[in-house]
Amino acid sequence: MAHNASSLDKIDSFHNWKHGLLEQIDAYRHWLSETQMASEDMLNRLVRASEALQKDELTIAFVGEFSRGKTELINALLLSDFQQRILPSKAGRTTMCPTELFYDRVRDTSYLRLLPIESRRLNLTISEMKEKVDLWNEFSIENDHPETMAAVLQKVAEVVSVEESEARALGFSGSSLERDPVNPEKVLIPRWRHAELSFKHPLLEQGLRILDTPGLNALGSEPELTVSMIPNAQAVVFMLSADAGVTASDMQMWTDHIAKTDEEQSKSCYALLNKIDVLWDDLQGETHTAASIERVRQDTARRLGIAPDFVLPVSAKQALLAKVNEDQALLQKSGLAKFEKLLMNQLVDAREKLLYESAIADISSLVESSEKVITHRIQRASDDLDHYRDSLEDIDSLNRLADKTQIAHNDFYKKLVALRSSRRLMMSQKEILNDLIGMQRFDALAESVRTAMQDSWSTKGLISAMTSLFAELDRMLDDLMVEVRVAEKMVHTMYARFKNDHSADHLHPVEFSIKKYRAKLVEIKQGFNRYRRNPKLIVTEQSLVIRHFKNAFVHDVRNVYEALSHEALCWADDALLPLLQYTVEQKQGLQEQLENLRELAKEQKGKRDACESMQQTIEQLQKQKAFTHQIAEQLHAHPS
Ligand SMILES: Nc1nc2c(ncn2[C@@H]2O[C@H](COP(=O)(O)OP(=O)(O)O)[C@@H](O)[C@H]2O)c(=O)[nH]1
Ligand SMILES: [Mg+2]
């Protein structure tokens, strides 16, 4: 059966681009080792870049009230070789727990694993639980048996009947609970808290991850979802349905959990107006239908306060049908094709830019630097060869040349020693940074906030303890930046001196910026402010507030902090890397040249052979130059 996810080709080419980069980085690493130009730091830097590329994932989160057709749309997006729905989607509440669809590339198997709802009693975040295999119930899945697979997947919709007090203890709020029709004393709650579906599908295999969520109730009872998982997705799709319009609970969900204030971030947020097929009216004709859909679209955009371009009318159901029947006209009419295209273009472009900046930009400038060093070496070797040919008999001049080379070599050797001691200086600066933003400092801060929360008796006290985390963090970051500036000054002086000595203008220090982390923290703080202003907070038990705060906010802040801390420390490691690498390469080149010259001086009679060997060295270098040039070009290449 044909794989008909045509507009999703963009992900395909993105994947190929990443793959190509990985190969280039690998080739460059081998080349550095073979030519003995690798330094430990350089190899580490390359390994880090490869890891970032390998781990890269694109997440799309689907959010909206129940029965808006989220699951149906995911089925339509992913439907390829299966000619039927993958996930259960029916009238009423079907998806009871958040479900992540991805492909487990490490284990390379398909499975469904479910986290029991009781795990809410444990004081661990979902992402921490993901590491603990024992907490999950796992069911294997056979990709080739859609029927058995659909049966296993029905599990995400399971509910259990419990006492109301039990439901409350697990974080469900009383008023919105569904009574058990069999036993009206009791209430029904989802049996599972979270589901992970690893599933062999071409797009998922390439690192696409999809988060399907249940309605507002479930969102409210799982802050980690709204504070962490949804905002961390690269795109959020908010589902509405054309037959219901924007209802009060849709609106509440939108303002409480999704709407973005930041213009940049709101670009990754789409509202889908699903089920437009209910407006298709054969009697009134196409123009009339189009006009009424357009009216609903404009109205929705106005109510959500977003640009009409970001509201797309679709019919998930018709799109699914169209894909099953390979009906291109219906697929266009369903609006899915347009949505796929928009989503993928925007998503992949943003991702590509980010990856380029974080993993590739530095490396590509190092490769360019290598290319320059080789160019110098070719120049020098050709000069030597000319000189040597001119004075075929003149051993003295040969020796003089060797002496000159020796001096240049010694010079670079000394430079390398000096750089290593500068590097030690940087390492002591790194220690200072580590003291300022090491994880132990954060953990101590989080612990003191937790204690303050436990000791406080009022909601106001709780809030002020929570707020202090953000304030203290701001202070820590300010302190950090003061030290970073000191280190930067040091680095700039070293570069300036080095460039002056070596006319190596192309070398630039690696930049360090805290901006994106600050932005991320501001975003988390906004989420926290929404949580704190929620009137429900006053009636929420203290222990639950503490748990929410830890599992949603502290956990996320810790992740940002950890990434920041890691980057700051890596920056200290890498700041001098371009200088070191340049020096190592120069020194290595001079050493080879020196050996050639000495050899020549010693063996008068092999002079002609020697001439040839010099010629070969030059040719070798030219090949190397072509190689680095090719890598540099490919690192710059972007997917089509
Ligand atoms: N008419 C129509 N019904 C739809 C469409 N998409 C979904 N539905 C129906 O709406 C119901 C809820 O869909 P589901 O995907 O489970 O919604 P979810 O709770 O948001 O995941 C199911 O009965 C679907 O068949 C659509 O585009 N048109
Ligand atoms: Mg669903």
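A: Start with Arg547, which lies in helix H20. Helices here are DSSP runs of H or I with at least four residues, strands are E runs of at least two, and both are numbered from the N terminus. The model is predicted, so local features need pLDDT of at least 70 and side-chain atom pairs count only at pLDDT 80 or more, while totals for chains, interfaces and linings use all residues. Residues are numbered from 1 along each chain as its sequence is written, chains are lettered from A and ligands numbered from 1 in the order in which they are written, and side-chain values use heavy atoms, with hydrogens and water left out.

Arg547 is buried, at 18% relative accessible area. Buried means under 20%, exposed means over 50%, and partly exposed is in between, with a 1.4 Å probe and protein chains only. Leaving out residues up to four places away in sequence, Arg547 touches Arg120, Arg121, Leu122, Asn123 and Ala169. A contact means heavy atoms within 4.5 Å.

Next, the partner of H20. Helix H19 covers residues 515–533 and H20 covers residues 542–574; their axes come within 10 Å and cross at roughly 175°. Axes are lines fitted to C-alpha atoms, for helices over the stretch in contact, and angles run from 0 to 180 degrees between N-to-C directions. H19 and H20 are therefore roughly antiparallel. The cut-offs are under 35 degrees for roughly parallel, over 145 for roughly antiparallel, 65 to 115 for roughly perpendicular, and oblique for the rest.

From H19, the contact uses Lys516, Tyr517, Lys520, Leu521, Ile524, Gly527, Phe528 and Tyr531. From H20, the contributors include Val545, His548, Phe549, Phe553 and Asp556. Further along H20, they include Val557, Val560, Ala563, Leu564 and Glu567. By class, this contact has 12 nonpolar, two polar and four charged residues. Nonpolar covers Ala, Val, Leu, Ile, Met, Phe, Trp, Tyr, Cys and Pro; charged covers Asp, Glu, Lys and Arg; the others, Gly among them, are polar.

Between H19 and H20 runs a loop that holds Ile538. Ile538 is exposed, with a relative accessible area of 63%. Its C-alpha atom is 29 Å from that of Arg518, 20 residues apart along the chain.

H19 has another neighbour. Helix H18, residues 459–502, packs with H19 at about 170°, and the axes are 11 Å apart. That makes H18 roughly antiparallel to H19. On the H18 side are Ile463, Met466, Thr467, Phe470, Leu473, Asp474, Leu477 and Asp478. They meet Arg518, Leu521, Ile524, Lys525, Phe528 and Arg532 of H19. The residues of this contact divide into eight nonpolar, one polar and five charged.

Now the cysteines. Cys570 is buried, at 11% relative accessible area. Cys269 is also buried, at 5%. The structure holds zero disulfides, a disulfide being a pair of cysteine sulfur atoms within 2.5 Å.

Finally, the whole chain. The protein chain has 22 helices and 12 strands. Of its 640 residues, 50% are buried. Its C-alpha atoms fill a box of roughly 105 × 65 × 45 Å along the principal axes. The domain assignment gives domain 1 (8–54 + 350–390 + 603–640) and domain 2 (57–334), with bounds from an automatic or database assignment. The C-alpha centres of domain 1 and domain 2 lie 46 Å apart. Eight residues of domain 1 contact eight residues of domain 2.
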